[in-house]
Amino acid sequence: MQIPHDTRRALDVVVALVNTAAETDQPDGLADVGSLRAFVREYKISDVGELGARDLAGVRTVRSKFAQVFAAGTSRTAAGLINELVATAGTTPQLTDHDGYDWHVHYFAPGASLGDHLAADGGMALAFIVVSGEQERLRRCEAPDCGRAFVDLSRNRSRRYCDSRTCGNRLHVAAYRARRKEADAGPSEQEQIVHGGEQQQGADHP
């Protein structure tokens with residue numbers, strides 16, 4: 001699937017943001033304004049001013065909306081959520097070539113809050129996926145103890161885990177070990193009973 005560079009980058013930020021949400025064994029990755037600043041630095045989000053508690057609350061709200069898009073059962077549901085996101089953000093498309101990047105489109109309005117910034121750019125990136133008929137690529141990891149969001153960019157839409165080098169390999173190794181253990185265990189107790197009964201029957205009837 002061919003995705004423009006700026007759209008791919010926006011999708012990366014969307015996925016990363018969704019995966020900051022607190023889980024059973026994972027604290028909230030945006031617990032305070034300091035962690036929000038760290039997120040902005042890590043993903044090199046441009047045109048961000050001084051951040052405060054209001055920005056943190058706004059970004060958490062956008063994070064929740066993004067998560068709902070990943071959970072949407074139909075493209076119509078996803079489209080409705082995305083329309084709400086980009087409308088609330090006051091989307092204003094602009095061509096820009098900042099920081100040495102080639103020309104690309106920013107969808108957030110000048111001076112937008114960080115929440116609106118992420119909602120506009122991330123919402124339009126998600127819209128690209130839905131318009132392309134590829135909503136099913138917005139997935140959650142199938143590992144029983146994971147569930148992290150990811151975008152399946154494989155050719156045949158076959159990716160099941162958030163990171164094939166961790167969750168996928170871990171489950172494949174576990175399945176392999178289970179098969180080996182079963183093979184090495186020999187006949188099951190039930191099989192032993194059946195075979196034992198057959199032997200006894202043979203002894204009674206020579």
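Biologist: Which residues in α5 do Thr7, Ala10, Leu11, Val13, Val14 and Leu17 in α1 meet?
Modeller: Thr7, Ala10, Leu11, Val13, Val14 and Leu17 form the α1 side of a contact with α5, where contact means heavy atoms within 4.5 Å. Helices (H or I, at least four residues) and strands (E, at least two) are DSSP runs, numbered from the N terminus. The α5 side is made by Leu118, Asp121, Gly122, Ala125, Leu126, Phe128 and Ile129.

Biologist: What kind of model is this?
Modeller: Residues are numbered from 1 along each chain as its sequence is written, and side-chain values use heavy atoms, leaving out hydrogens and water. Local features need pLDDT of at least 70, side-chain atom pairs count only at pLDDT 80 or more, totals for chains, interfaces and linings use all residues, and the model is predicted.

Biologist: Are α1 and α5 roughly parallel or roughly perpendicular to each other?
Modeller: Residues 5-18 (α1) and 114-131 (α5) pack at an angle of about 110°, with axes 9 Å apart. Axes are lines fitted to C-alpha atoms, for helices over the stretch in contact, and angles run from 0 to 180 degrees between N-to-C directions. Under 35 degrees counts as roughly parallel, over 145 as roughly antiparallel, 65 to 115 as roughly perpendicular and the rest as oblique. The two helices are therefore roughly perpendicular.

Biologist: How many salt bridges does a search of the whole structure find?
Modeller: A salt bridge is a side-chain nitrogen of Lys or Arg within 4 Å of a carboxyl oxygen of Asp or Glu. Searching the whole structure gives a total of 10.

Biologist: How many residues apart in sequence are aspartate 28 and arginine 63?
Modeller: Their side chains form a salt bridge, N to O 2.9 Å. Aspartate 28 is in the loop between α1 and α2 and arginine 63 in α3, so the bridge ties together parts whose separation in residues is 35.

Biologist: Is arginine 63 buried or exposed?
Modeller: Buried means under 20% relative accessible area, exposed over 50%, partly exposed in between (1.4 Å probe, protein chains only). Aspartate 28, at 26%, is partly exposed. Arginine 63 has 9% and is buried.

Biologist: Which helix holds lysine 65, the salt bridge partner of glutamate 84?
Modeller: The closest N and O atoms of glutamate 84 and lysine 65 are 3.1 Å apart. Glutamate 84 is in α4 (residues 75-89), 19 residues from lysine 65, which sits in α3.

Biologist: Where is glycine 123, and which residues does it touch?
Modeller: Glycine 123 belongs to helix α5 and is buried, at 0% relative accessibility. Setting aside residues up to four places away in sequence, its contacts are Phe66, Ile82, Val86 and Leu118.
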